Amino acid sequence: MTGREPGRVRSVTKAMELLSCLAQARGPLSLGELSRRTGIPRATAHGLLSSMLPFSVVEQGEEDGKYRLGMRLFEYGCVVSRGWNVLEAAAEPMRRVAEETGETVSIAALDQGEALVLDCADARSDLRVVSEKGSRLPLHCTSQGKLLLAWLPENRRRSLLRRCDFAAYTPHGHTDAASLEAELAEIRERGYAIENGEYRIGLRSVSAPVFDVNGQAAYAVCVVGMFRRVNSPELERAVRLLLEAAERISFGLGYRGGYGKEGGHASN
C-alpha cells in the first residue's frame, strides 16, 4: 500500500492484508512468510496477529508457530450466508440442472471487479468440472463475468472495462474493450452469456441472469462442462434448463417482472 488514503486506519488495513494473505495461501504461514508476502514488517505483523489471536480471527499452531485463519471467521461467514436468501432460493434449481445435465452449476455475483462464486452444485459424474465456492473469476472471458457486465449501467461497466487487463487465458478471449462491448450487447439481446473456451481450453459454459426484488441482475447462474461445441444439442438443452432455473431463483427473490432478454434492468 502506497501513501495514506483518507478515511482509512492503517493498522486495520494491514490486518486485512494479513487475513487476505492467509486466505490466498489456503494453509498455515510463518511470521516470516507473512511478512515477505505482504511487505509488512515482522514486528508490525507480529503485533497485529497477536491482537487478533484472542478474538479467534487467526490461530497459531502450538508446534510450528504458524498462523492460520481462525474459526471465528467461519462463524461470521455463516451469519453472512444466512442473510443471503439467494443461496436458499438457488439451491434446489441448481441441483436439478446439475442432475439433468450431468454438469457443474454455480451462482456468482460481482465483487471488486471479479465474479465471486457464491455456491455450487456438482453433478455425480466422473467427468464433471469442479468449481469451488469462494473462487474468483475474471469478467472478460467467463460467461458469469460477461453476464454480470452486460446488465450493468453503462458508466459502471465502462469503468470496470477501463481497469480490466484483458489477460489472455486462451487464444479465444477478448483482448480489448471494444470487442467485448459488442458481445455484451448480444448478451443483453438474447438474454444469456456463453463462454467458448475463453477461460479454459476445452470448457464451455452458459450463464443466465438472476434478478432480485428490485429487478437488478445481481447474480449469474452458470452451467459449465466439456460441451462439444456451442451449438451442440446438449448445450442448447443446458441453456433451456438454466434459463428456467434462473427464472425460478429470481421468483424466489421476489422478482415479478418479465424474464429473458426483456427482463430486469441495469444494476446501480
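Predicted model: local features only at pLDDT ≥ 70, side-chain atom pairs only at ≥ 80, totals over all residues.

User: How many disulfides does a search of the whole structure find?
Analyst: A disulfide requires a pair of cysteine sulfur atoms within 2.5 Å. For C164, the closest cysteine sulfur belongs to C141 and lies 8.0 Å away, which is too far for a bond. Across the whole structure, the number of disulfides found is zero.

User: Are helices α1 and α3 roughly parallel or roughly perpendicular?
Analyst: Helix α1 spans residues 10-25 and helix α3 spans residues 42-52, and the two pack with their axes 10 Å apart at an angle of about 85°. Angles of 65 to 115 degrees count as roughly perpendicular. The orientation of α1 relative to α3 is therefore roughly perpendicular.

User: Which classes of residue make up the contact of α1 with α3?
Analyst: On the α1 side, the residues involved are S11, K14, A15, L18 and L19, and these meet T44, A45, L48, L49 and M52 in α3. Sorted by class, the contact of α1 with α3 has one charged, two polar and seven nonpolar residues.

User: With which side chain does the side chain of T104 make a polar contact?
Analyst: T104 belongs to strand β3, which covers residues 104-111. With a relative accessible area of 1%, T104 falls under the 20% limit and so is buried. The polar contact of the T104 side chain, at 3.4 Å, is with the side chain of D122.

User: Where is D119 found, and which residues does D119 touch?
Analyst: D119 is found in strand β4, residues 114-121, and its relative accessible area of 19% is under the 20% limit, so D119 is buried. A90 is 29 residues away from D119 in sequence, while their C-alpha atoms are 8.7 Å apart in space. Leaving out residues up to four places away in sequence, D119 touches L87, M94, V105, S106, I107 and K133.

User: How far apart in space are Y76 and V57, C-alpha to C-alpha?
Analyst: Y76 lies in helix α4, residues 71-82, and counts as partly exposed because its relative accessibility is 45%. Y76 and V57 are separated by 19 residues in sequence, and the C-alpha to C-alpha distance between them is 9.7 Å.

Note on methods:
Residues numbered from 1 in each chain as written. Heavy atoms only, no water. Helix = DSSP H or I, 4+ residues; strand = E, 2+ residues; numbered from the N terminus. Buried < 20%, exposed > 50% of the residue type's maximum accessible area, 1.4 Å probe, protein only. Polar contact = N/O pair within 3.5 Å; in protein donor to acceptor, adjacent residues only side chain to side chain. Axes fitted to C-alpha atoms, helices over the stretch in contact; angles between N-to-C directions. Parallel < 35°, antiparallel > 145°, perpendicular 65-115°, else oblique. Contact = heavy atoms within 4.5 Å. Nonpolar A, V, L, I, M, F, W, Y, C, P; charged D, E, K, R; others polar.
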